[in-house]
Amino acid sequence: ALSNISRKAGWAYKFFRPWLGDGLVTSEGRKWQRNRRLLTPAFHFEILKHYVQLFSESTGVLLDKWSSYGPGASVELYYHISLMTLDNILKCSLGYESSCQADGQWNPYVQAVQDLTRLIDERDEYFPYYIDFIYYLSASGRRFREACKFVHTFSEQLIARRKEALETRAITSSMSRSGKCLDLLDILLQAKDEDGTGLTVTEIRDEVNTFLFAGHHTTASGISWTLFHLAKHQEYQDRCREEVEEVLQGRKEMTW
C-alpha cells in the first residue's frame with residue numbers, strides 16, 4: 001500500500017546506490033512514497049496489454065536461437081534467459097530495440113550491466129571492499145565506476161531523445177497520435193505532482209536504471225529456476241505444456 005513508507009536496510013542497497021541512485025529499490029521514506037505514486041500509471045492494465053506482443057517477439061528470438069544449435073545441444077540457461085528479459089525490459093520501458101539477444105556480450109550495455117552485477121556480488125563477499133576508499137582504489141572499483149558512467153550516459157541519452165520527441169508531438173493519456181503505446185519513459189517524463197512539479201532528469205535516470213536492472217535480473221533468475229525444475233520433472237512439464245496449448249488454441253502467440 002502506498003500509505004506504507006518503505007524502509008531499506010543492509011549493505012547491499014549501499015552497493016547498488018552509485019548505479020541505481022534513489023530509484024524505488026534504494027530509496028525510502030517520503031521519496032519512495034512519492035515516486036511510487038507517480039509511477040503507478042505505468043502498471044495500468046491497458047499499458048501492460050501492449051507488452052504481451054513484445055514478450056512474444058523476444059521469446060521468439062530466443063527460441064529461434066536455441067533451435068539453430070541443433071538437437072541435443074546444451075546451453076547456459078541463465079545467460080540466454082537474461083538477454084531475453086533485458087531485451088523485453090528495454091523494449092517495454094524505453095521503446096529501445098537493442099538487438100542484445102543477437103549481440104550478446106558484444107553489446108556494450110549488456111557488458112556494463114553484467115559487470116555491475118558481478119562486481120556488486122564480488123564486493124559483498126570481500127569485507128575490505130565494504131569501505132568505499134579501499135574499493136575505489138582497486139581495479140574492481142575503477143571498473144565499477146566506468147560501468148556506472150556508461151549506463152548513466154546511455155540512459156540520459158535515451159531520456160533526452162524521448163523528451164525532445166515528446167515536445168514535438170501531442171500525447172494523450174493512453175496513446176500517442178502515432179499509435180505507439182506509452183511506455184515507462186513516457187510516463188516518467190509526464191508525471192507531475194499536484195503542484196505541477198515533475199521528476200528531474202536524475203530522478204528519471206535513477207528509475208530507468210532501477211527498472212532495467214530489477215526488471216530483467218530477478219525475472220531471468222525466476223524463469224531459469226522454473227525451467228530447470230521443469231526439465232527435472234517431466235510430469236509437471238507435460239501439465240504446463242497442456243495448459244499452454246489449451247490457452248493458445250493453435251495460435252503461435254499469446255494475446256490479451
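## Pockets and burial

Q: What volume does the second largest pocket have in this predicted model?
A: The volume of the second largest pocket is about 380 Å³. Its lining is made up of 19 residues, with F43, I89, C92, F211 and G215 the closest to its centre.

Q: Which elements each supply at least two residues of the lining of the second largest pocket?
A: They are α3, α4 and α10.

Q: What makes up the lining of the second largest pocket by class?
A: There are 12 nonpolar, six polar and one charged residues in that lining. Cys and Phe count as nonpolar and Gly as polar.

Q: What is known of the largest pocket, in volume and in lining?
A: The largest pocket has a volume of about 1100 Å³. It is lined by 25 residues, and T59, L63, I223, L227 and V244 lie nearest its centre. Two or more lining residues come from each of α3 (45–67), α4 (77–94), α10 (201–232) and α11 (234–248). The largest share, eight residues, is given by α3. By class, 17 of the lining residues are nonpolar, five are polar and three are charged.

Q: What share of the contacts with a separation of 6 or more is between residues 24 or more positions apart?
A: That share is 64% in the protein chain.

Q: How much of the protein chain counts as buried, and what is its accessible surface?
A: Of the 256 residues, 40% count as buried. The accessible surface comes to about 14800 Å², with 57% belonging to carbon and sulfur atoms.

Q: Why is S93 called buried?
A: Buried means under 20% relative accessible area. S93 has 3% relative accessibility, so S93 counts as buried. S93 is placed in helix α4. Beyond residues up to four places away in sequence, S93 touches D183, L184, L185 and L212.

Q: Why does H216 count as buried?
A: The relative accessibility of H216 is 6%, and the cut-off is under 20%, so H216 counts as buried. H216 lies in helix α10.

Q: What is in contact with H216, leaving aside its neighbours within four places in sequence?
A: The contacts of H216 are S82, T85, L86, I89, V113 and F211. T85 is 131 residues from H216 in sequence, and their C-alpha atoms are 4.8 Å apart in space.

Q: Which residues of helix α2 are buried, and what covers them?
A: In helix α2 (residues 29–39) the buried residues are G29, W32, R34, N35, L38 and L39. Their cover includes α9 (184–190) and α10.

Definitions and conventions:
Residues numbered from 1 in each chain as written. Predicted model: local features only at pLDDT ≥ 70, side-chain atom pairs only at ≥ 80, totals over all residues. Heavy atoms only, no water. 1 Å grid on protein atoms, 1.4 Å probe; cavity = no way out; pocket = protein on both sides within 12 Å on 5 of 7 lines; lining within 4 Å. Points joined across faces, edges and corners; volume = space filled by probe spheres on them. Helix = DSSP H or I, 4+ residues; strand = E, 2+ residues; numbered from the N terminus. Buried < 20%, exposed > 50% of the residue type's maximum accessible area, 1.4 Å probe, protein only. Contact = heavy atoms within 4.5 Å. Areas by Shrake-Rupley, 256 points an atom, 1.4 Å probe, with all protein chains shown as cover.
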